Amino acid sequence: MTDDPWHYPRNDLAERTFNVLVSGPAEALTLFAPRRTGKTEFLRKDLAPYAQKKGHQVIYVSFWRAPLSPLALLLHSLESALKENSIMSRIGGAVSSFGPKLKLSAPLPGAKAEAEIDLSSLKGEPPAELILYLDDLFGRLENKKKPTLLLLDEIQELARDKENRSLVASLRTSLDTRDAGLKAIFTGSSREGLQAMFSEREAPFFHFGTSLDLEPLDESFVEHLLEVSKKSTGRSIERLKAISAFEQLHRSPYFFRGLIELLTLRADLSIEDGIAVLRRQMADKLGYAEVWLKLTAIQRATALQLALGAKKPFSKSTRVAIGKVLDTKQPSIDKVQTALRRLASLSVADRWSGEWLIEDPEFARWIVDTDKQN
Ligand SMILES: Nc1ncnc2c1ncn2[C@@H]1O[C@H](COP(=O)(O)OP(=O)(O)O)[C@@H](O)[C@H]1O
Ligand SMILES: [Mg+2]
């Protein structure tokens with residue numbers, strides 16, 4: 001259970017996920033879906049509390065925009081889990097509030113005295129003795145009767161730096177050798193980023209784990225938020241209008257929740273006006289215009305085609321359309337490829353189930369809208 005009243009609980013999914021992982025054959029699960037679709041919310045507010053209630057220890061580590069290196073994050077999270085026995089009470093505690101020093105709970109391999117390390121200095125190639133130490137920590141957290149759950153959020157960040165290769169490889173080995181007492185769930189939100197870690201033949205996590213689908217949220221999510229909003233402010237929002245707003249906001253839990261929060265604060269706004277205000281606020285907050293300014297003409301033209309729904313950016317017809325916007329003849333496949341790569345590295349575009357698209361559907365709408373105005 002969570003104390004966030006706005007949270008729409010997904011108990012069934014938590015139970016099923018837990019069973020597959022703990023009683024089923026899966027040594028690990030992967031939960032890969034675009035950003036802001038509810039992965040973290042599910043892990044932290046549904047799955048973790050469910051597993052804890054059953055007496056399992058849960059360790060959550062997010063690699064997203066972390067100020068510390070992945071090794072430092074792992075060491076810190078595992079050490080805290082050992083010390084506190086229940087890390088969940090602090091889950092999500094701001095990473096930035098970490099003290100830079102970590103007192104290790106056991107000596108480093110080869111050393112006698114206990115050590116203190118400076119987490120912020122752990123950059124670059126991870127030292128071999130700390131990788132061994134990390135494996136030792138996994139060993140101490142293993143629990144064969146009630147497997148410990150390791151929730152590794154935004155795992156693709158771990159593969160971004162080549163320097164972390166030895167860490168990724170050793171993580172795989174640690175999980176393989178302790179698969180009875182340690183169960184992992186990986187989430188990821190960049191297909192392109194995950195590719196390097198899970199899909200390449202030489203990658204340590206090649207075909208690792210069973211993939212889990214996060215079912216998209218439906219009307220009951222909308223109804224839940226309407227109820228909470230009514231309870232907290234007395235304002236009732238018309239169900240059908242709310243469902244239509246949910247559709248207009250691409251069925252995104254992130255944007256829809258933003259809308260309901262806005263309507264709760266601003267009793268004067270109708271739903272329709274609320275959507276317009278929210279869109280402006282979100283464009284600001286998510287920096288659409290800044291991202292757009294960073295793009296070259298061909299990158300913008302390519303993004304526009306994706307935003308308009310072109311699924312095959314390399315096809316002749318799409319390239320002709322790109323050329324038309326640029327007032328030139330159709331660009332080569334290579335040129336479009338380069339543009340796409342840049343869009344992917346800026347997290348503007350991504351490839352889900354083989355098809356290229358603008359990763360944030362609201363940004364796609366903004367792009368089409370902005371183009372119409374020019
Ligand atoms: N079950 C839920 N109940 C209420 N709000 C949710 C739920 N799932 C997602 N959201 C909303 O959507 C936002 C994005 O979800 P999040 O879990 O952070 O996405 P992801 O981890 O996939 O990027 C959350 O901050 C929250 O506002
Ligand atoms: Mg997340």
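This is a predicted model: local features need pLDDT of at least 70, side-chain atom pairs count only at pLDDT 80 or more; totals for chains, interfaces and linings use all residues.
**The whole protein**
- If you count up the secondary structure, you get 15 helices and nine strands.
- The radius of gyration comes out at 23 Å, close to the 21 Å that the globule rule gives for 374 residues, so the protein is as compact as a globular protein of that length.
- Buried residues account for 36% of the 374 residues.

**The domains**
- The protein splits into domain 1 (11-211), domain 2 (219-285) and domain 3 (288-373).
- Taken over C-alpha atoms, the centres of domain 1 and domain 2 are 35 Å apart.

**A look at strand S1**
- Strand S1 covers residues 28-32, and five of its five residues are buried, so the strand is largely enclosed by the rest of the structure.
- In a regular strand, side chains alternate between the two faces of the sheet.
- Here, Ala-28, Thr-30 and Phe-32 point one way from S1, while Leu-29 and Leu-31 point the other way.
- Both of these groups are buried, whichever way they point.

**Who sits beside S1?**
- Strand S6 (residues 182-188) pairs with S1 in the parallel sense, over five bridges.
- Within that pairing, Leu-31 stands opposite Thr-187 of S6.
- Strand S7 (residues 210-211) also runs parallel to S1, and two bridges join them.
- Leu-29 has Thr-210 in S7 as its bridge partner.

**Around ligand 1**
- There are 15 residues around ligand 1, and the ones that come nearest are Tyr-8, Gly-38, Lys-39, Thr-40 and Glu-41.
- Two helices, H2 (39-53) and H9 (253-265), each supply at least two residues of the shell.
- Domain 1 (11-211) and domain 2 (219-285) each give at least three residues to the shell around ligand 1.

Methods: Residues are numbered from 1 along each chain as its sequence is written. Chains are lettered from A and ligands numbered from 1 in the order in which they are written. A residue is near a molecule or strand if its C-beta atom, placed from the backbone, lies within 6 Å of it. Helices (H or I, at least four residues) and strands (E, at least two) are DSSP runs, numbered from the N terminus. Domain bounds come from an automatic or database domain assignment. The radius of gyration is taken over C-alpha atoms; the globule rule is 2.2 Å times the number of residues to the power 0.38. A residue is buried if 20 or more other C-beta atoms lie within 10 Å of its own, exposed if 12 or fewer, and partly exposed in between; C-beta atoms are placed from the backbone. Two strands pair if DSSP finds at least two bridges between them.
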